[in-house]
Amino acid sequence: MISDQSSGILVHHAEEADIPAIVALNNLYAPDGLTLMRSEAFVTSHLQDYQVVRSGDGQVIGQVALDEYSPSLVELVSLAVAPDTQGRGLGQVLINAAEHLARERNFPEIFAISLAEPLFLRMGYSESTIEKYPEKIARYRSISRSELSIGRKFCFRKRL
């Protein structure tokens with residue numbers, strides 16, 4: 001568990017019981033191209049990479065995950081916050097938690113593909129280009145060409 005000192009928000013490593021809620025929250029944003037569709041099988045196989053924020057009654061209201069490409073490259077993915085809890089700083093807390101986990105795993109850099117340009121710039125990321133990450137291009141070319149062709153998305157990177 002990670003506690004964000006300034007907000008008092010607790011971030012937890014995801015548990016098996018969180019899988020349906022993670023899938024539902026993630027896939028809520030997929031039709032608009034904000035996230036990639038995720039299945040329960042995908043989340044189950046990557047559960048150790050997911051972190052969540054829960055409401056007072058235990059419901060998942062925010063999530064983020066790491067997607068490891070190699071021992072030196074990791075992507076921040078599946079960043080999602082429930083619509084009725086947006087604007088409370090959960091996105092920033094989740095990005096910080098993902099960075100913390102990436103540092104624990106000794107990654108020198110993290111990158112993200114997102115429409116949330118102001119958020120990532122505010123969090124100390126710099127604009128980059130997807131061409132810098134051929135591993136990302138190769139993986140998603142075989143899965144979803146739309147991930148590469150959505151022109152509105154930005155690529156961000158941060159040294160850890």
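The model is a predicted one, and the protein contains six helices and eight strands. Along the sequence these elements are arranged in the pattern β-β-α-α-β-β-β-α-β-α-β-α-α-β. Of the 160 residues in the protein, 47% are buried.

**Overall architecture**

- Among the contacts in the protein with a separation of 6 or more, 65% are made by residues 24 or more positions apart.
- The accessible surface of the protein amounts to about 8,000 Å², and carbon and sulfur atoms account for 52% of that surface.
- Helix H1, which spans residues 19-28, has Ile 19, Ile 22, Val 23, Leu 25, Asn 26 and Asn 27 as its buried residues, and these pack against H2, S3, S4 and S5.

**The largest pocket**

- The largest pocket holds about 660 Å³ of space; it is lined by 32 residues, of which Leu 79, Ala 80, Ser 114, Ala 116 and Leu 119 are the closest to its centre.
- Two or more lining residues are given by each of strand S5 (73-81), helix H3 (90-104), strand S6 (109-114), helix H4 (117-122) and helix H5 (134-143), and the largest share, seven residues, comes from S5.
- By residue class, the lining divides into 16 nonpolar, nine polar and seven charged residues.

**Salt bridges**

- Nine salt bridges are found in a search of the whole structure.
- Glu 15 and Arg 54 form one of these salt bridges, with their closest N and O atoms 4.0 Å apart; a salt bridge is counted when the nitrogen and the oxygen lie within 4 Å.
- This pair links distant parts of the chain, since Glu 15 sits in the loop between strand S2 (10-13) and helix H1 while Arg 54 belongs to strand S3 (residues 50-54), 39 residues apart.
- Glu 15 has a relative accessible area of 47% and is therefore classed as partly exposed, the limit for exposed being over 50%.
- Arg 105 and Asp 49 meet through their side chains in a salt bridge with an N to O distance of 2.6 Å, and this pair also links distant parts of the chain, with Arg 105 in the loop between H3 and S6 and Asp 49 in the loop between helix H2 (40-45) and S3, 56 residues apart.
- The two partners fall into separate accessibility classes: Arg 105 is partly exposed at a relative accessible area of 26%, whereas Asp 49 is buried at 6%.
- Arg 105 also forms a salt bridge with Glu 68, where the closest N and O atoms are 2.7 Å apart; because Arg 105 lies in the loop between H3 and S6 and Glu 68 in strand S4 (residues 60-70), the pair ties together parts that are 37 residues apart in sequence.
- Glu 68 counts as partly exposed, with a relative accessibility of 35%.

**Backbone geometry to check**

- Most residues other than glycine have a negative phi.
- Ser 78, although not a glycine, has a positive phi of about 55 degrees; Ser 78 lies in strand S5 and counts as buried at 8% relative accessibility.
- Asn 106, likewise not a glycine, has a positive phi of about 65 degrees; Asn 106 is placed in the loop between H3 and S6 and counts as exposed at 64% relative accessibility.

**The surroundings of Phe 120**

- Phe 120 is found in helix H4, where it counts as buried with a relative accessibility of 2%.
- With neighbours within four places in sequence left aside, Phe 120 is in contact with Leu 76, Leu 79, Ile 95, Ala 112, Ser 114, Tyr 125 and Phe 156.
- Two of these partners, Leu 79 and Ser 114, are also among the residues closest to the centre of the largest pocket.
- Phe 120 and Lys 158, which are 38 residues apart in sequence, have a C-alpha to C-alpha distance of 9.4 Å.

Notes. Residues are numbered from 1 along each chain as its sequence is written. This is a predicted model: local features need pLDDT of at least 70, side-chain atom pairs count only at pLDDT 80 or more; totals for chains, interfaces and linings use all residues. Side-chain values use heavy atoms; hydrogens and water are left out. On a 1 Å grid over the protein atoms alone, a cavity is a set of points where a 1.4 Å probe fits but cannot get out, and a pocket is an open set with protein on both sides within 12 Å along at least five of seven lines; lining residues have an atom within 4 Å of a point. Grid points are joined across faces, edges and corners, and a volume is the space filled by probe spheres set on the points. Helices (H or I, at least four residues) and strands (E, at least two) are DSSP runs, numbered from the N terminus. Ala, Val, Leu, Ile, Met, Phe, Trp, Tyr, Cys and Pro count as nonpolar, Asp, Glu, Lys and Arg as charged, and the others, Gly among them, as polar. Buried means under 20% relative accessible area, exposed over 50%, partly exposed in between (1.4 Å probe, protein chains only). Contact means heavy atoms within 4.5 Å. Accessible areas come from the Shrake-Rupley method with a 1.4 Å probe; for residues, only the protein chains shown count as cover.
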